[in-house]
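Keep the sequence and the 3D view side by side.

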Amino acid sequence: MNTFKNKVLAGAIKVQNNVYMKAISNAMMGLMPIMMISSIASLINAIDIGNTQQIMDQIGLKSLLTQINAMTIDVISVYVAFLVGYKLAEHLNADQLNAGIMSLVSFLILSPIATFEETKVIEFSTLGSSGMFVAMFGGILGARIYILCVEKNLTIKMPDSVPPIVNKSFAAIVPGVIVSTIMGIIYVVIAATPYGTLTDMIYTWVQAPLTLLGANVFACMIIVAFIEFLWFFGIHGVLAVYPVLMLVFYQPMLDNLAAYSAGQPLPHLFTIGFILNNRGARSFAVALLAIFSCKSEQLKAVGKIGLIPSMFGISEPIKFGIPQVMNIRMLIPLMVTPAVSVLSAYLLTIVGFMPYHNGVNIPTGFPIIFGGFLTNGWQGIIAQLIQFVLCVLIYIPFMRWQDKAALAEEGKIAQA
């Protein structure tokens, strides 16, 4: 068991600590304010009670909300490109601002230019969610080339009397020329291929296969079960697999949010929000069972301590207090409950009861039930209640088993 645990831990840590995966993951986390702004604007824009839509249109609120969405979610790849380079430089102890600028320049050079009424333009679709992979690729490559040039001293040296901000600006000129030239060559070469643009090439070879790979309920069930499997060994499952989740499911969520903001049909069932928000109130179910169905004083105490945090998605008091970590009695329900919860959400969706996840970004720690309402309406509340009941039913026999073991241990301690 220890050998297996060490191998799992080593693999998870290797993925999580990869500097490029960390840069991408942290960049996506850095998008939280932008996503929240767009989510709030989309929710307000979607209010349709009585004459609210007409009133919002008359007072100019809809135009304001449309503009906010256009400059946030509709150009999300611009922010991704800058943040990826910025975060990569942060991990490599390099100049973060210049690295972020080089990443942004790289992305824009790699973006296709269209002609509209004799004017050269970049289409919003290129700057939105469809350009995410180009932003990641260009951002990482551009920032890495810039950092390498600085490390090799391919920079303009200024006298010590020059202010640091001016010195940094001049130091970025030569690396900037190199980065721009390489990106320009990549753009020209790909333009000569049947794909025409890097966006189309990445979509064909990377984005479409990844999306197709994750576009089924079995993949989602395996992912959420694996997250809890990592928790069994004390590894934070979501953080360990988050980079992979982002690559496959983040762009579909952005597509849904953009469609929701525009009042259009939502294109994707499987998004990162669908997966993470439909794993069921597992720790809350365990806390209630510990309080009301267990006889062990230890389990009751853990349930009381973990009850309120579990309502806000904080599972550590339950996971380490029961414990669920390294407790073979808890492994099966630990993995089965999120998988069954995701399956229930899928079934409720395909039968037409629950709408697709609208792409609204729910911050970590948002209370259960309310999150379901914001992302799926009142149907989301019903779905989360069903998931909660399923979690309770699955955990009942295992909590009884754990209760017996805890009572036996407490009996030994009392007799000692």
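The model is a predicted one. Start with the spacing.

How do the two parts meet? On one side, 26 residues of domain 1 make contact, and they touch 22 residues of domain 2. The size of an interface is often given as the accessible area lost when the parts come together. For domain 1 and domain 2 that buried area is about 2100 Å². Carbon and sulfur atoms account for 74% of it. How many salt bridges does the rule find across the interface of domain 1 and domain 2? The count is zero.

Now turn to helix α12. It spans residues 198-214, which makes 17 residues. From first C-alpha to last, α12 reaches 22 Å, close to the 24 Å expected at 1.5 Å a residue. Where does α12 bend? The bend is at Thr204, and it amounts to about 45 degrees.

Next, look at which parts of α12 are covered. Its buried residues are Leu198, Thr199, Ile202, Gln207 and Gly214. An α-helix has 3.6 residues a turn, so residues three or four places apart point the same way. The cover over the buried residues of α12 comes from several helices. Among them are α7 (96-110), α8 (124-127), α9 (132-151) and α11 (173-191). Also included are α13 (217-232) and α14 (237-261).

Finish with the backbone. Most residues other than glycine have a negative phi, and most peptide bonds are trans.

Take the loop between α18 (316-321) and α19 (328-350), where Pro323 lies. The peptide bond from Ile322 to Pro323 is cis, with omega near -5 degrees. Met326 is found in the loop between α18 and α19 too. Met326 is not a glycine, yet its phi is positive, at about 55 degrees. Is Met326 buried, exposed or partly exposed? Met326 is partly exposed, because its relative accessible area is 38%, between the 20% and 50% cut-offs.

The last stop is Asn153, in the loop between α9 and α10 (164-171). Asn153 is a residue other than glycine, and its phi is positive, near 65 degrees.

Notes
Residues numbered from 1 in each chain as written. Predicted model: local features only at pLDDT ≥ 70, side-chain atom pairs only at ≥ 80, totals over all residues. Heavy atoms only, no water. Helix = DSSP H or I, 4+ residues; strand = E, 2+ residues; numbered from the N terminus. Expected span 1.5 Å × (residues − 1). Bend = angle between axes of the 7 residues up to and from the residue. Buried < 20%, exposed > 50% of the residue type's maximum accessible area, 1.4 Å probe, protein only. Contact = heavy atoms within 4.5 Å. Buried area = accessible area lost by both parts, 1.4 Å probe. Salt bridge = Lys/Arg side-chain N within 4 Å of Asp/Glu carboxyl O.
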